[in-house]
Amino acid sequence: KNIAIQPFQPYFERFARIAVDSGAIDLDGQIHLAVEHPKAPLMTFHGSLGVKALAIADRDQGSPVASWKQFQLRQVALAVDPTTVTIEEVGLEQPTVHLAVLSDGQLNLMKLLPQADAGTSPPASEAEPATAKRGPPPSIAIKTIKLLKGTATFQDESITPTVQTGLYDLTGTIKGLSSKQLARADVDLTGRVDKVAPLKIAGVINPLSKEAFTDLTITLGGMDLTAEGPYSGKYVGYGLSKGKLSLDLKYKVSQKQLEAENKVLVDQLTFGEKVDSPDATSLPVPLAVALLKDRKGRIEIDLPIRGDLNDPDFKYGKVVLSTLL
């Protein structure tokens, strides 16, 4: 119980430039190791594992990157050689991720990657991995994933004034994750964008199988667009004084074939004062927005996408037709 993570930080620095400010591990289980195992696994573990009060920061800047109150793996059954993993429940309580575009345009997470050092590179003969016999892929099954009050904040420092937004109170479950090809996991998540606009994600997924399957519906209602006004000022040449965004998205991916419905509703989009920006387009965007609005001041866009994931086809005919009407 309460094994502090911070003393092990030097091991992590090979993989990421992070500082572990806090965090402790609880482990409760049984391990069996068999040096000779002609008919049994090399190693088995049965038990539970938890990581609590974890806080990770950028090692150089000291700015927070990620944290959580509690991460718990309950009733884990792990076997190695052959490899199988079954987990009764994965619990993640109050996870927080901080994403930022820095003033130089680089994502803060990219700064965490370890810097390559040519002097420590192994010789070519050593760098080439030995060819190993590949066994069957590991069998993985996770009965339930529970997420409680997740947060993801976003800050763009490359634009003036700085844009700040976030996803809050992301809560829900994913049930039935499995590496079996025909398995389907039920997804039911809810949250709020900028603490106000309701977000819901529901459907079925199978990310662990060889051929990933996705059938999700994502709905967002009434997100205030004025917080994104700096983008409009930079690229359109006008700020935003009013406007709300609602989304109704349906995405299905099966055997690398994509079927997507993108229904977008922008209500009462109103530009503010003109902004002197060298990056602003010369296109008459306010005129285009005025043409797209209906008599109630709403812009409705229906944009289906079909085709192979490597070459999808955007069907924009509905958008043109509705604008003409």
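Visitor: How much accessible surface does the protein have, and what share of it belongs to carbon and sulfur atoms?

Guide: This is a predicted model, and in it the accessible surface of the protein comes to about 20800 Å², with 58% of that area belonging to carbon and sulfur atoms. Of the 325 residues, 29% count as buried, and the C-alpha atoms fill a box of roughly 75 × 45 × 45 Å along the principal axes.

Visitor: How many helices and strands does the protein have?

Guide: The protein has five helices and 16 strands.

Visitor: Which residues touch the most other members of the largest nonpolar core?

Guide: That core holds 31 residues, and Ile87, Val187 and Ile205 are the ones that touch the most other members. Beyond its neighbours within four places in sequence, Ile205 is in contact with several residues, among them Ile174, Leu177, Val187 and Phe213.

Visitor: How is a pair of aromatic rings described?

Guide: Such a pair is described by the distance of the centres and the angle of the planes. The count here comes to two aromatic pairs. In one of them, Trp68 and Phe71 lie 5.4 Å apart, centre to centre, with 45° between the planes, and the pair is tilted. In the pair of Tyr238 and Phe271, the ring centres are 6.1 Å apart and the planes stand at 55°, so this pair is tilted. Tyr238 lies in strand S12 and Phe271 in strand S13, so the pair ties together parts that are 33 residues apart in sequence.

Visitor: Is Phe271 buried or exposed?

Guide: Phe271 has a relative accessible area of 19% and is therefore buried, since buried means under 20%, whereas Tyr238, at 25% relative accessibility, counts as partly exposed.

Notes
Residues are numbered from 1 along each chain as its sequence is written. This is a predicted model: local features need pLDDT of at least 70, side-chain atom pairs count only at pLDDT 80 or more; totals for chains, interfaces and linings use all residues. Side-chain values use heavy atoms; hydrogens and water are left out. A nonpolar core is a set of buried Ala, Val, Leu, Ile, Met, Phe, Trp, Tyr and Cys residues joined through side-chain atoms within 4.5 Å. Buried means under 20% relative accessible area, exposed over 50%, partly exposed in between (1.4 Å probe, protein chains only). Contact means heavy atoms within 4.5 Å. Helices (H or I, at least four residues) and strands (E, at least two) are DSSP runs, numbered from the N terminus. Accessible areas come from the Shrake-Rupley method with a 1.4 Å probe; for residues, only the protein chains shown count as cover. Rings of Phe, Tyr and Trp (its six-membered ring) pair if their centres lie within 6.5 Å; planes under 30 degrees apart count as stacked, over 60 as edge-to-face and the rest as tilted.
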